[in-house]
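Have a look at the sequence and the 3D view first, then read on.

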Amino acid sequence: VAQRTGATTYYVEVFPKPLSELQGQQPVFSLYPAPGMLDVLISSELLETARQISLGMTSPERTQIISSSARSLTTLERMQPSDGRVDSAALLQLVRDHSQEHHVLDMGALSKQAGTIVSAVMLGALAGSGVFPFPRSAYQAVIQSGGSTAAASWRGFELGWAQVQEQRSQLQLVRDSLPSTSLPGAIPSNTPANTQ
């Protein structure tokens, strides 16, 4: 979450088995992410995704990256007398090189379309990735109990979910048709890299 004072990072660990199946044992969770050990990294801004990659948080053997293709220009990018923007194509290549699977979507546009904030779209994309062991109905129940903003949040969730699900389906079709080829995750054709 990009802010004037820096970036706010939320780290969540989920143990995918009920305690009743652990025969009295207790899982041990960490307060901080270990570099290279993330199962998923999700970000609402492409350069922020690249920053987390540069910190060593992702692994091409393990991490699924979900990122917005939208950019919020940094102060340094805006200060240049000419075009000081970091090249989005280079950032997308970084995402491809440092992920086991990746999904890039314009979360800003989807948020506007749904009339909600970006976190609703992010949650939908995360749920659509299948990383967490929660059914879609669990997300729906929580969101729809949220009061006056629930309908907009659910619209944003559904848009994020649908985009990632579509990308995963396309990737699976390619993998099924080329079983001997090891393919990286999908980047949709409407992103600046224009590759899949």
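Helices (H or I, at least four residues) and strands (E, at least two) are DSSP runs, numbered from the N terminus. By that naming, S30 is found in the loop between β2 and β3. This is a predicted model, so to speak of local features takes a pLDDT of at least 70 and side-chain atom pairs count only at pLDDT 80 or more, while totals for chains, interfaces and linings use all residues. Residues are numbered from 1 along each chain as its sequence is written, and side-chain values use heavy atoms, with hydrogens and water left out.

**The β2–β3 loop**

Buried means under 20% relative accessible area, exposed over 50%, and partly exposed in between (1.4 Å probe, protein chains only). Q23 also lies in the loop between β2 (6-7) and β3. Though not a glycine, Q23 has a positive phi of about 50 degrees. Here are the two loop residues by accessibility:

| Residue | Relative accessibility | Class |
|---|---|---|
| Q23 | 78% | exposed |
| S30 | 37% | partly exposed |

Contact here means heavy atoms within 4.5 Å. Not counting residues up to four places away in sequence, S30 touches Y11 and E13. S30 and V12 sit 18 residues apart in sequence and 9.1 Å apart in space, C-alpha to C-alpha.

**Cores**

A nonpolar core is a set of buried Ala, Val, Leu, Ile, Met, Phe, Trp, Tyr and Cys residues joined through side-chain atoms within 4.5 Å. The largest one has 11 residues, including L38, L41, I53, I65 and V95. α1 (46-54) and α3 (88-97) each supply at least two residues of this core. A second, separate core of 10 residues includes L105, M107, M122 and V164.

**Helix α7**

Helix α7 (residues 150-177) has 28 residues and reaches 40 Å from its first C-alpha to its last. That is close to the 40 Å expected at 1.5 Å a residue, counting 1.5 Å times one less than the number of residues. Among the buried residues of α7 are W154, F157, W161 and V164. Their cover includes β5 (101-105), α4 (107-114), α5 (118-129) and α6 (136-144).
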